[in-house]
Number of protein chains: 2
Amino acid sequence: MCEASYIRNTALKAQGASLSLAQASWHTRREALLRISAALDEHREELFKANEADIACARENGRNEAFIDRLRVSEKVLTSMKNGLAEVASSKDPLGEVIYGATLKSGVKMIKKRVPLGVVAIIYEARPNVTVDAAALCIMSGNAAVLKGSREALNSNLVLGKVISQGLSQAGLDPHSVAVIEKTDRASTTELMRLNGIIDVLIPRGGKELIKSTVENATVPVIETGAGNCHIYVDASADIKMGTNIIVNAKLSRPSVCNAAETLLVHKDIAERFLPVAAEALINGGCTLKGDERARAICPEMAPACNEDWETEYLDTILAVRVVDNIDEAIEHINKYSTKHSEAIVTRDFDSAKKFEALINSAAVYVNASTRFTDGGEFGMGAEIGISTQKLHARGPMGLTELTTVKYILEGNGEVR
Amino acid sequence: MCEASYIRNTALKAQGASLSLAQASWHTRREALLRISAALDEHREELFKANEADIACARENGRNEAFIDRLRVSEKVLTSMKNGLAEVASSKDPLGEVIYGATLKSGVKMIKKRVPLGVVAIIYEARPNVTVDAAALCIMSGNAAVLKGSREALNSNLVLGKVISQGLSQAGLDPHSVAVIEKTDRASTTELMRLNGIIDVLIPRGGKELIKSTVENATVPVIETGAGNCHIYVDASADIKMGTNIIVNAKLSRPSVCNAAETLLVHKDIAERFLPVAAEALINGGCTLKGDERARAICPEMAPACNEDWETEYLDTILAVRVVDNIDEAIEHINKYSTKHSEAIVTRDFDSAKKFEALINSAAVYVNASTRFTDGGEFGMGAEIGISTQKLHARGPMGLTELTTVKYILEGNGEVR
């Protein structure tokens, strides 16, 4: 019960703080971010020391170097946190925008305007920079934030939580507006997922397992983010050089991110000309290829792909390859196996382009461009809190606007119905 | 397992149908609704007979007349179903609208456009007209629908399902686009709530228990609707006649609906002048009043109210009354007890009006007008599928637009990142 009341109390304090934060001006919210940036510098040694303790502990627990790398708050990571704060601080205000207005038949004047969601909870994994990035986006959109990072980053996150509270206080805002959860056990996490009436939205940021567990256990509204099993389909009429550039970029420019391609589908009529060229470029770039039977008949250097490969998000320099009979088979494959994130067609055929755009059931559908563009910054919405792969509330990159809801304000002169 | 596969298979067929429905033109979707309207006439005797069987069964089970009344498909209900179909059929197309467009820094051209959600599931209670209303809104917004009504209305709903399928077929659409679920046991309902990857959104329409059970058991995204514990706050500066008109209208014009008022809060400085006038009008209108100590000191005819009254949605001719010290106490009371639906202030003070608008955390906030206006038709959005009391995706009345999501379409000329 002690832990139960800690989580609930922390979230309730954030909810209380959310009321005044929602009324804070753009200038005040912006000032909070700039104060947090200054406080990061002020507490840098303390932060590095706490982070070293986290890293030492992770090493003891046998974590690999990739994990340690994500956990590390280096000078470079600190700079990127500060750049992130500055970027969000310079954003246009997402609040107060009047989206619609009308005089009702009764004479009542109505406006529909953007207001904060209230309390946004985020559950995330090792990277401590998410603590600062998420806090910045929540503050700037007028939302209180309840942040639960991983056990391994707890020392770092607690220092960051202190830094954030200091910045909030210095800007005249309630320091409870951003809460860093100190309890990282499973029971606390489950409790957080079920605080209906306190948490307005819960966003899991991390791997497949974290997202699955959140969707299954949460009773508060959830936005699914991040999983990206993205496809490139090379149509019969494709420009071979363009197709090669796109698949090499989509697979290899940054294999660990969610907008990287995981499967290449190739029309049978171009496969014999396209696959040898693309395979050579990919293999030269360090990529391992796993092909179906028809792809391997053309490029025997590919390992065999099985059904499991079609649904795997490798997040690595591995690419699954399949030859399809036609565009319909490609679309069917994608709608069956994709995580509804980003898919691309390479084609010179107008009808193929329009069919692909219409029938692919994903957040972002590309013609003749790399899936790597699916990103808040690239889409012109500034920093993002994640990329939604569901259809409710937000789809695709989620920026400040996606952290708002609407409210109807109606003014009358005694009208009744 | 038999039942399990029935629910899943039915939903999968709807998902399959959703792909072609999403591509259907406004004319085709509209034609389907008009064909359904004609098919209702064609099958009227069959429908009335099935409905009589449902009613006989409900009587046998000891259901009261109010229940039977909601269950009954009378000539008048049939007409209202047909009017509803005609109204939705004349709506502006919610699909295809381009909400935003830009050329990205890379040169890629981006548009963000409205597309259907996919498969919308609705769980509802006795009224069979919901079957037709919900089907109409889903078809017109390009969504497949999976409709689960109550056991008591099953015979009526099955006839309606047949009528809807006939209309869809006659318009050239897949008859599986709207599925009426034949199994109404708890296990089937739970299975429906957990069809992640098939159901894109689940909307419960009905009482508190249905909504609570859905929120607790569903793993697919849910939109909470309907619960309306609405408040009228009469400020110190209020016009007494206006305040009386508004509370009488908000409480008594239709006590059983979600936008009816359930609690009246009165500033202490006006209570002695306002309450006797308002109480008389309310009591003359057939209302029972339950007051706190201060209200009863002014109007001893009120029964005593307890804490439970503040959180009760009576949906009846009962009103809770409380005297507050100031507007802050009124706002605190409302934000604590309301279901975040609709609240009104009656005031002549500008600052009070603006404070109430800013700090009340509900979908619709009124100044000097009745809460009864919160309604899709009144708000100019046409027929509604419900009134969302949550903040995610949709807030307030949900019309056709709220049954859509967005999709980014990006066209390039070989751009990579």
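Trainee: What makes residues of chain B and chain A part of the contact?

Mentor: Contact means heavy atoms within 4.5 Å, and 67 residues from chain B and 67 residues from chain A take part. This is a predicted model, where local features need pLDDT of at least 70 and side-chain atom pairs count only at pLDDT 80 or more, while totals for chains, interfaces and linings use all residues. Residues are numbered from 1 along each chain as its sequence is written, chains are lettered from A and ligands numbered from 1 in the order in which they are written, and side-chain values use heavy atoms, leaving out hydrogens and water.

Trainee: How do you know what area chain B and chain A bury?

Mentor: Buried area is the accessible area (1.4 Å probe) that two parts lose on being put together, summed over both. For chain B and chain A that comes to about 5700 Å², with 53% of it on carbon and sulfur atoms. B:Leu392, B:Tyr408 and B:Arg417 supply 15% of the area that chain B buries against chain A, more than any other three residues.

Trainee: Why is the meeting of A:Glu378 and B:Arg417 called a salt bridge?

Mentor: The term asks for a side-chain nitrogen of Lys or Arg within 4 Å of a carboxyl oxygen of Asp or Glu. The side chains of A:Glu378 and B:Arg417 meet at 3.2 Å, N to O, so the pair qualifies. Between chain B and chain A the count is six salt bridges.

Trainee: Why do β16 of chain A and β13(B) count as paired strands?

Mentor: Strands (E, at least two residues) are DSSP runs, numbered from the N terminus, as are helices (H or I, at least four). Two strands pair if DSSP finds at least two bridges between them; five join β16 (residues 404-415) of chain A to β13(B), so they pair, and they run parallel. In β13(B), B:Ala369 is the bridge partner of A:Glu415.
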